[in-house]
Every structure is written in structure tokens, then in C-alpha cells.
Amino acid sequence: MNTYDLSARKIPLDDGWDVIVAGGGPAGCTAAAAAAREGAKTLLIEGTGALGGMGTAGLVPAWCPFTDKERIIYGGMAEKVLKDCMAGMPHVPPDKFNWTPIDPERLKRIYDELVVGAGASVLFQTSVAAVDRGDTDGLDALILTSKAGLTGCRAKVYVDCTGDADLAAWAGAEFAKGDDQTGELQPATHCFILSNVDTYGYNHCGTVKFRKGEPIINKILESGKYPAIADAHACNNLIGPGTVGFNAGHVWNVDNTDPASVSRGLIKGRKIAEAFRQGLAEFFPQAFGNAFLVATGSLLGIRETRRIIGDYVLTLEDYLARKSFPDEICRNSYFIDVHHSQADVEKYNTDKEWIAKKHIRYDAGESHGVPYRCLTPKGLKNVLVAGRAISTDRAVQGSTRVMPVCLAMGEAAGMAAAHAAESDSPDVHAVNVPRLRARLREQGAYLPEGD
């Protein structure tokens, strides 16, 4: 690729912040709210026009489980967001804390209130274009792009909730990406919503069935009439009256750090969504005969890209050991959920034992800790990372990437950022972890004593 030398020029600089959070997904929202709640002057930067990431703009139709099959373990702000969302969905039982449907428009307003209500400021339609380290051992400033052109902003501490570890990677932090041998990334999914569905006899979540019959996706695949649908991934939830949200289908060979591949993925995803509408109308007319494709996500559902190398790398061995840590900032109980490669589509469609072995699950009451050290990238003094890009191996990232644990780790990261910003020389690696954990407990986090 050719290069172009930018001409030197000055841009406006907003340098009055204690904490800047980049990315307004679940982790970014709780990070900004927690930092502001701790008294830090906080700015949240979001590239789209709404907070919430995959649960709102991405149209993911349900929360992954909030419990360890015995109790809610993603407490604090995470639990508040879940219950506030449920409160506006009368068809959802009050004790349904696992695979709980999401009303994306309600959730947008919940995140707005969470962040702004805590005292943080938000910049929508604004993206981080570059970072500047200057002569520091951390970030000196962010370069933003928006309708205002290029502007700069500066804080004492930054929280990278971009999902792709953009701030950390651009600042030179070490990271891993995809499969250790091949570099392959998990496939993406383009979520969508069908409305005008007759929900009588519709058996939702996991697959699509009529009452207790055979999954309809099997009939669609066997027909060969809808080649855009490659596999049996067809998760779905009733998100409102006559309205079903789908986390269905896969788009392979998408790298969220490559805009060209994301663009191709969105085009492919919209074809998959329409193919599902047509296939369901043909093979499940009782429910979907008159269904209308009302929306596809404005964000493509990305499952993995970069993972920072932090002060600790959480491993599959830690997961299998249900390990606890003295510096853990939340617990996690979600199963190992690394979505299959394109080469394994046939196994996924036909071999249920293979799927069961691949998806490692905990028994009731079991969970593992997430150490604070997984949020602290090596080599950067004033940057924390929260969300799916924290420091884990690839297998564990398949578990820690989902929204409930992202909400919990975001709250911890924002609180830690505010504490670090109190120092004349902020250092996220030197945060008083016992104080952090005590404050998290005060705010409702699930951190069992004795871990």
C-alpha cells in the first residue's frame, strides 16, 4: 500500500478529564458510570449513536446467563442493568435471569440513564482515530474523528473498551489474536429481528421448533434452497409481541480490525437474514408465514479479535480448576463457547457429541475468578482494558467475551481508573486492589470472602 505524509497542523485539545473511556458497549457503559460515581471527571466516547453495543445496535436478542444456576453472580451495575431491562418486558418471568430476552430500544435508554445519571459525559458519533504516546510510558492523548473534524482529548487514565483493544494495540502493547497456530478468528453473526410472527406453538431459544417437533433449521438446511444459511446456528428469543430476535447464522473470515472484511460481512449477513425469513416462512408457516424482516443490526456481531497480554493471562487450566485469585474483580460462570470454524460446519450440523465435548460447562454453583491483572496491559501505565479483549488465552476468551461478565469487569475497570487518577502519577498497575475489591462489594459485586 502507498503511504501519505500528513502535514503538520494543530488541532483543538480537550485536556480536562480524569478518565476517558473509549467504546460504549456493556463494559464501556459500566466503566464510565463507575468512574464518574467514584468522583472522576469522565468522558465516554462512542462511535455510533447509541450506547450498549451488541445488546442494542447489534440486536443480540438475549442476555447470556447471569447465574451460576444457583444465584446471580454478575452483581452491582450488571444486575441493575438486567433487572431494569426486564422491568419493561411483561412477558418475561421475574425470575428468568438466564437467556433473558432483550428489548434493544429500552436497553438504549437504560444505558443512557446509567452513564449520564452517574455524572459522566458522552460523545456519540465520535471515534478514536489514533493515539499519541509522546515521551510517556502510557498514553498522552487520543485523536478523535467526528463531524467536528480531528480533535484531541487527554485524561489521566484511559479505559479501552473498544472490544478490539485499539487503544492498547495502537500504543504498542503486546497482544494475541485468534488461533495461536492459524490466526483464524471465530465467525461473526449478523443479528436480526422478524416481526408479525404468530407465536402460538413457537418454541424459542436455542433453535426454532413448532411445539416439540424437529428443529425447523434442519429442514431448511436439508432443502438446499437457501445456500446463504450454512449451518444450524439459529438462536432466537421472543423480544416483544409477535417479534422474534435472532442470533443466527455465521459469517466467516471477518476481522473487525479490517474495515473491508467487515463491510463484506455486513453485506453477507443481510443476505443470511433474508434467507432465514424466506426459509422460516416456507417450513414454519404457522409462525413465520407472514413474518417481516424489520431490522438487521447496525453492528456485526464480532466474537474475537485482539487479546491484550496483561500482567496475568487467564488460561483454560484456570477455568477448569474453577480458580480463585486474591485480586479477582468478578466471577464468571459462562461455558467455553468458541464458535466453530468453517471447516467444522458439517460436524456442528450433525455431531451433537462433538458439540458437547467442545463446549465445556460448569455444574451448579461453580465459577472462576477474573483477576484485576487481566485488565492491565503490560507496558502501559495509564491504560486499562475491559471487555472481550482482556488478557486470556483463546479458549477462555470464548467464555469471558459475553455481555454479563463484560458489564461486571467494566464496573471494576472504571472504579480502578478513578482510583488511579487520584494519584499525581497515575499507575493502573499500582492500584490498591483490597480497596478496589471492598468498594466493589459495597456496590453489590459478587466476590465471595476467602477467595
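**Notebook: salt bridges, cores and a helix pair**

I looked up E105 and found 44% relative accessibility, so E105 counts as partly exposed (buried means under 20% relative accessible area, exposed over 50%, partly exposed in between, with a 1.4 Å probe and protein chains only). This is a predicted model, where local features need pLDDT of at least 70, side-chain atom pairs count only at pLDDT 80 or more, and totals for chains, interfaces and linings use all residues. Residues are numbered from 1 along each chain as its sequence is written, and side-chain values use heavy atoms, leaving out hydrogens and water.

**Salt bridges**

I searched the whole structure and got 23 salt bridges (a side-chain nitrogen of Lys or Arg within 4 Å of a carboxyl oxygen of Asp or Glu). Side chains of opposite charge can pair when their charged atoms come close.

E105 pairs with K108, and their closest N and O atoms are 2.7 Å apart. Both sit in helix α3, 3 residues apart, so about one helical turn separates them. Helices here are DSSP runs of H or I with at least four residues, strands are runs of E with at least two, and both are numbered from the N terminus. K108 is partly exposed, with a relative accessible area of 23%.

Next I checked R394. It forms a salt bridge with E304, with 2.6 Å between the closest N and O atoms. R394 lies in helix α11 (residues 394-400) and E304 in the loop between β13 (292-296) and β14 (306-308), so this pair ties together parts 90 residues apart in sequence. R394 and E304 are buried.

Then I went to helix α13. R439 bridges to E442, the closest N and O atoms being 2.7 Å apart. They are 3 residues apart in α13, so the separation is about one helical turn. E442 is exposed, at 58% relative accessible area. I also noted a network of salt bridges that links E38, R439 and E442.

**Nonpolar cores**

Which residues touch the most other members of the largest nonpolar core? I found W63, Y111, I329 and Y372, in a core of 86 residues. A nonpolar core is a set of buried Ala, Val, Leu, Ile, Met, Phe, Trp, Tyr and Cys residues joined through side-chain atoms within 4.5 Å. Elements that each supply at least two residues include β1 (13-22), α1 (26-37), β15 (328-332) and α12. Helix α12 gives the most, with 14 residues.

I listed the contacts of Y372 (heavy atoms within 4.5 Å). Leaving aside neighbours within four places in sequence, they include I329, L384, A416 and L436. A second, separate core has 36 residues, among them V208 and W354.

**Helices α2 and α12**

I looked at how α2 (residues 77-87) packs on α12 (residues 403-421). The angle is about 135° and the axes are 8 Å apart. Axes are lines fitted to C-alpha atoms, for helices over the stretch in contact, and angles run from 0 to 180 degrees between N-to-C directions. That makes α2 oblique to α12 (under 35 degrees is roughly parallel, over 145 roughly antiparallel, 65 to 115 roughly perpendicular, the rest oblique). M77, A78 and V81 of α2 meet P404, L407, A408 and E411 of α12.

**Positive phi**

A165 is not a glycine, yet has a positive phi of about 55°. A165 lies in the loop between β6 and α4 (166-170), and counts as buried at 1% relative accessibility.
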